[in-house]
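Please look through the structure below before reading on.

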Amino acid sequence: MPGGLITRDAYHMLRTRLMDRLAEAMPVDGVLLILHGAMVADGEDDCEGDLLARVRALVGPECPVVSVLDMHGNLTATMVDAADALVAFNKHPHTDAFERGQEAAHLMTRLIDEGIQCTKAHISLPLLLSALTTATDRLPLCAVHEQAQAFRQDPRVANISVMGGFAYTDTAFAGVSVLATTMGDAALAQQIAQTLAAIAWEHREAATYTGIAADEAVRRAVAAPHHPVVLADVGDNVGGGSPGDGTVLLQALMEANAQDAVVVLADPGAVHHALQAGVGATIEMAVGGKHDHWHGERVQVRGRWNA
Ligand SMILES: [Zn+2]
């Protein structure tokens, strides 16, 4: 699961395992990797760039190297230079991971069978998007994708990747970028990248995120004419590696005296305590807020476990 900075040892272990297996498999016709694009380790700000450069050094300049990326990756010149092509997800939520894998594999077979040399143009913008503004069906990215889709109709285009980037890495290259890859047409790649970068920049104001405070969200949920209402604490995003024991919404629900609410918390200790007390027992305990103090403090609750 994702988390904070990867330790130096863990990164070196993973990298060594990959490189050793590749060395054993040599010679190879091509290398197709599935990477994320925003991995940061202690001592290495650009893990994917490092990996791709090492793979390239091992297989040599003639062997095709292609990688699939999450569109939340932060594209670097090292990554772009080391690979023949990088194929990013076009959708957030990532519903097209399978299709992008197919696209990358199809492109790989063409590079091997037809000996095509791809040309790439990469532009990084000085624009950091909150993860909540990288949805690809909303501005700013939907406008970029609309134009990218039009460009993809051109048979000279191998791939167009629009990266929303991952703003929460503290690196010099975090942010939005576009990568146009063509079947050897450098001018076309450049024209596409410039056009798409200009569209992203034009819509940059749409990237301003204004959230709803927890107490206001609870007030609206309680007053809503139709139920259930789902409140998601995106600051405690388990898909992004956070602990899932955030208590901000629980606290707000209790303060508002909200009735018939269900709160989901990851708290194995509290579950263990409840199991020991048994069905029917009335229990008092502190729940949540045990992993860190960034997602709310522990909340004292009193309740009965009904069978
Ligand atoms: Zn992602």
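Of the 307 residues of the protein chain, 32% count as buried; a residue is buried if 20 or more other C-beta atoms lie within 10 Å of its own, exposed if 12 or fewer, and partly exposed in between, with C-beta atoms placed from the backbone. This is a predicted model, in which local features need pLDDT of at least 70 and side-chain atom pairs count only at pLDDT 80 or more, while totals for chains, interfaces and linings use all residues. Residues are numbered from 1 along each chain as its sequence is written.

The C-alpha trace of the protein chain spans about 70 × 45 × 35 Å along its principal axes. The protein chain has 9 helices and 8 strands; helices (H or I, at least four residues) and strands (E, at least two) are DSSP runs, numbered from the N terminus. The domain assignment gives domain 1 (8-207) and domain 2 (214-304), and such bounds come from an automatic or database domain assignment. Taken over C-alpha atoms, the centres of domain 1 and domain 2 are 38 Å apart. Two residues are in contact if their C-beta atoms, placed from the backbone, lie within 7 Å. Among contacts between residues at least 6 apart in sequence, 66% join residues at least 24 apart.

Helix H5 covers residues 141-151, and its residues Leu141, Val144 and Ala148 are buried. These residues lie on the same side of H5, because they cover an arc of only 60° around the axis; the arc is that of the directions from the helix axis to the C-beta atoms. On the face of H5 turned away from its buried side are the exposed residues Glu146, Gln149 and Ala150.

What covers the buried residues of H5? Strand S5 (157-163) and helix H6 (186-202) are included in that cover. H5 and H6 pack with their axes 8 Å apart, at an angle of about 160°. Axes are lines fitted to C-alpha atoms, for helices over the stretch in contact, and angles run from 0 to 180 degrees between N-to-C directions. H5 and H6 are therefore roughly antiparallel to each other; angles under 35 degrees count as roughly parallel, over 145 as roughly antiparallel, 65 to 115 as roughly perpendicular and the rest as oblique. H5 contributes Ala143, Val144, Gln147, Ala148 and Phe151 to the contact, and H6 contributes Ile192, Thr195, Leu196, Ile199 and Ala200.

The remaining details concern the backbone. Most residues other than glycine have a negative phi, and most peptide bonds are trans. The peptide bond from Met26 to Pro27 is cis, with omega near 0°, and Pro27 lies in the loop between helix H1 (8-25) and strand S1 (31-34). His92 and Pro93 are also joined by a cis peptide bond, with omega about 5°. Pro93 is in the loop between strand S3 (85-88) and helix H4 (97-114).

Asn257 is not a glycine, although its phi is positive, at about 55°. The loop that holds Asn257 runs between helix H8 (248-255) and helix H9 (268-277). Is Asn257 buried or exposed? Asn257 is exposed, because 7 other C-beta atoms are within 10 Å. Asp260 lies in the loop between H8 and H9, and its phi is near 55°, a positive value in a residue other than glycine. Asp260 counts as exposed because it has 6 C-beta neighbours inside 10 Å.
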